[in-house]
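Please read these notes with the structure open beside you.

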Amino acid sequence: MGATHLPATEFDGTGVDDQLEAQAEAVLGDPDVPMVQLLRPDGTLGTDPVFSAYAERLDAGKLRGFYADMAKIRRFDVEATALQRQGQLALWVPLTGQEAAQIGSGRASQPQDYIFPTYREHGVALTRDVDLAELLRQFRGVSNGGWNPKDTNFHLYTLVLAAQTPHAVGYAMGIQRDQKRAAADGTDAARKPKAAVMVYFGDGASSEGDVHESMVFASSFNAPVVFFCQNNHWAISVPTAVQTRIPLSNRAKGYGFPGIRVDGNDVIAVHAVTEWALERAREGKSPVLIEAFTYRVGAHTTADDPTKYRGSDEEAQWRAKDPLERLEKYLRAQGLADDAFFDQVKADGDDLAAYVRRTIHDLGSPDIRTAFANTYAEAHPLVAEELAWFEEYSAGFEPDAGQEAGAGQHETDGATRR
Amino acid sequence: MTVNKFNLPDVGEGLTEAEIVSWKVKAGDTVAVNDVLCEIETAKSLVELPSPYAGTVTELLVPEGVTVDVGTPIISVSDAGPGAPAPAAATPAAAAATPAAAAAPEATELEAPEPAPMYGTLEPGTAEPVDAGGPPAGGPLVGSGPKADAVKRRRRISAPASPALPAAVSPAVSAAPAAAASVAPSAEPVESHDIWIDPDAVVRAERPAPAPAGTAEGTIDQRPTLGGAISGLVNRVLAKPPVRKIARDLGIDLADVVPTGARGEVTREDLVSYQAQRDAEVDRADSFWGKTGRPQAQRIERIPVKGVRKATARAMVESAFAAPHVSIFVDVDASRTMEFVKRLKASRDFEGIKVSPLLILAKAVIWAAARNPSVNASWVDAEDGSDSAEIHVKHFMNLGIAAATPRGLMVPNIKNAQDLSLKELALALNELATTARAGKTQPAQMQGGTLTVTNIGALGIDTGTPIINPGEVAIVAFGTIKQKPWVLDGEVIPRWITTLGGSFDHRVVDGDLSARFMADVASILEEPALLLD
C-alpha cells in the first residue's frame, strides 16, 4: 500500500491554504470526529469542546419539553398516517425517526427568525406554534397552504425539491439589507433583535442545482442563513451514497463556510449546534450548513413501500438509535422526569390525535371564489368578468319556484328562456 | 343505531383499485378507531387499513381475494352494541354495485339540489340510506382524481358558449349507462369481467342504443363531472383523441360510457369495460368456446399483462436473450434417495417436519456447487457499457426455489443455505413454501439469489429446459421420480428413476463444468451417504 491517506475530496492535499477551511475546522474541533454527538443512544451524556457549553444552558424543563414535543409529533404522525389510510387525506409524509432533528433545531430558533420548510417538517411546525390541524389542509387537498406564515414566521410547505433554498437566501439577504438601512436611519427597527433564516432540505434535494446556487449566493453575500439538511439516508428509494461520496457537511467547505455533521437523533446536540449556527448567522459572521445525520424510519410517503428497496436489518439498526428512547433513558437516569410525566405526555398526544381527527372532518371545502380573489393583489377587470360569469352560471342551479316540475323539463326550460 | 360504511380509500397517489388480501376482523367483532381492519394489496404495496369508526362490525362487504374499485364500500361498522340486526340495504350486492347504478336512487335529489362543492368533489360516491348520518362536511376523499363522482344535479340553463351535443341532450342515450349498469353483475370483482373485445366497428355501429329505462330516472344525465364545473362548461364528454377513435371504430357513443378518468374523462379502460358489458348482455350464457356464429376475431379473450405475470415475462426475456443457455440432462437412479427420505420421515428427529426428495436435491446442489464454484456466480457487465465484464463467484448459497403461487411464479431464496443442517434446511424449505403459497413472499426474500432449483416433478413432468433466473448462471430442474425399468448388473429391475435438467449461462459455465456439476448432483441422489464426506 503506497498511499496511507485517501483524499476525502478531490481538492484535499492540493496544498491550497484555505483560511476559511482552517477556521471551519478550528470551530469544529478535531476533524477526525465525524459527527457531533452529546446524548448517546444508551442515554448517557458525552462532551464536546464547543457544543457542551450550549447543552449546559438547557434546564430540566427544557429537556422535558423536548421529549414532550417529540412524543407529541410522533403521535400526530401516527394519527395522520391512519387518516390517510381512512381516505381522509390524499397523502401523508411521515416524519417518524426525525423528531430530534426537527424539534431540536426548531426549538433553537427564535421568534424573529424565519423558517423555510420542505414538506416533512411537522416537528418544526409544532415548535413554531402552527396549528397541526391546519397543517393537514394541504394534505387533504382543500388548501394550497394552510396557515399564514406571517403569524408564525414558518413558511408554507414547499413540495418542489430544494425550491425553497433560493427563496430562503433571498429572504436572508432582505433581512440583511433591512438591518443595514435601519442602522443607517437609526430607527427603532435597529434595536430589534437580529434575525436569521433557517432553511430545511434533505439529502436528496442536496443534489438539486438550487442548493448549489443558494450556497454560492449565501456565501458571496454573507447572508444570515442556516442550511439545515436532514440526511435521512433515503431519497424515496435512492440511498445517500448515490447523492454524495463524502459527508454532505463537507460540501460547505467548497463554498467557504462551516459545515457540521450532527447526530440528528440526538436532540441535545441538534439544539446546541443549531443555536450556535443561528447565533453565528444573526451576527453576520457567515452562513452555516448543518447536516443532521438521521433516518426516515417509515415510508417516504403513504404512497411508498420501503420494503421494496431496503432491508429490515437496516431499519432495526436505526430503531436502536431512537431519539425518544435515549432522551427518556437520560431523563429517568438523571431523575428529571417520572412515570407521571411520561403518562401525561402520552395523554397529551392522544388528545392532540383526537383533536386532529375531530377537526379534519370539519375542514370544509374552500369556496372557489377565493381563487378569483387571490389571483391578483388588486382588482383586475378580466378576473372580475370571469367571476361575474361564474356567479351567473352557478345561479342557474338555484332552485326556482315555478320550475319544480321535474328534471326532464329543465333543459327545454332553459332553452326557451334564452 | 348508525351503520357507517368504510369506502376503499386511495392509499397511494392515484390508485384506482385494490385487492382485499385478508380480513383481520369479522362480523360481530368490536373495533376501536385505528384498529386494523384488513390488509389490501395495491399496485404499489401491501397496506393495512385502520378503522375510521368505533363500534361493532356488522358486515364484511367484500370477500378476501377480490379486487374492487377505490370508493367501493368494503365494511360496515355500527356504533350500536353487538347483536343489532344489520339493515337490509347492507347486502353485498347493493354495496358493491357500480357507481352508475348506485347513483340511480339519487334521482330524487334533483328536486332539492344541495350546495355541492364546485371542485375537488368530496362527497361520498353513494347515497344509500345508511349513510344518512355519515361523514359530515367534506367527507372522505376517495382518490386523488381517477374517479369522479356521478353528477347529482344539472344546470337548467345551457351555457351560451356551449352548444350541446345532440347525444348529450337525448334522454335515450344518456339513460344508457344506468340501463347497462343495472344489468351488470353487481358484486362481480373488477378483474373478472369477460373482456371480449370486438374490433369490428361496423356491426356495432348499426346497433341501436339500448332503450330508455322508461322511468323518471331515464332523464338523468349520469355523466360524472368534476362537480359539474369543467365538463359542465363545455357540455361534452371528455376523452383523449385515441380513445375517441376507438369509440368511433367500435361504434360506441362516448356519452353512454361511465367515465372514471380524471375530471370525468372517459378512459380506454372505460371503453373496454363498457364493451364487455354490452357483449355480456348479448351472450351471457356463452361457454368457453364462444358463440360459433361469431367471427373468430371476436372470440379472442384479451387479458392485460400486469403484476407478477409482467415481471415474470420481463425476467424470462431478459434471461433468455442476455444469457446464452446451454442445457444438459441426466437420468438418475434415485432409489436410495427415496429410502433415505423414508427413513428421515420415520426418524424421531424429523418428527412433524415435511421431508421430500427436494430436500435431498437441495442439499445435493449446495454440496455440488462447493465442488464447482463457478455455477454459483453471476455475470456482471461493466456499468459504463464497456466490455470489461466481471464474473462474481458467490461464496455463499442463496438457494432459490421456484414456486407457483396464487400471485404467479415467484423465486424466493433461502439465504446462506450452505450453513444449514439437513433439518434446518427442511424447515427453511417448508417455511418458504408456506409463505409463497400464502402469497406473502416479501420482495427481500426474492432478492440476492445465487442458484435456483425448480421442482417440475411435483407436477408429474419428467424434465424440461429451465430458464435461468436473471442474475444467476445456473438452474436445476428436478423431474418427477417414478418407477422405471433400469439395468443393474445386467438385469432389468424396477427402480425409482428421475431426470435432472440443468441450464447454464455459457458465458460463465462451460460444458465440462456444467457436466461435472450435474454429475455431482446426480451422485448424491444415487447415494445420499456421500453427503457425509
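The points below go through strand pairing in chain B.

1. A word on the source: this is a predicted model. The strands discussed here should be read with that in mind.

2. Start with strand S6 of chain B, residues 55-60.

3. S6(B) pairs with strand S3 of chain B, residues 30-31. The two strands run antiparallel and are joined by 2 bridges. To find this pairing in the model, look for B:Val31, which stands opposite B:Gly55 in S6(B).

4. S6(B) also pairs with strand S8 of chain B, residues 73-78. This pairing is antiparallel too, and 4 bridges make it up. Here B:Leu60 stands opposite B:Ile75 in S8(B).

5. Next, a sheet in chain B. In what order do its strands lie? The order is S5-S4-S2-S7, and these 4 strands form an open sheet with antiparallel pairing. At its edges are strand S5 (46-50) and strand S7 (67-69) of chain B, each of which pairs on one side only. On average, neighbouring strands of this sheet are turned by 40° against each other, direction ignored.

6. One pairing within that order can be followed residue by residue. Strand S2 of chain B, residues 17-23, is joined to S7(B) by 3 bridges, and the two run antiparallel. Among the residues involved, B:Ala18 has B:Val68 in S7(B) as its bridge partner.

Note on methods: Residues are numbered from 1 along each chain as its sequence is written. Chains are lettered from A and ligands numbered from 1 in the order in which they are written. This is a predicted model: local features need pLDDT of at least 70, side-chain atom pairs count only at pLDDT 80 or more; totals for chains, interfaces and linings use all residues. Two strands pair if DSSP finds at least two bridges between them. Axes are lines fitted to C-alpha atoms, for helices over the stretch in contact, and angles run from 0 to 180 degrees between N-to-C directions.
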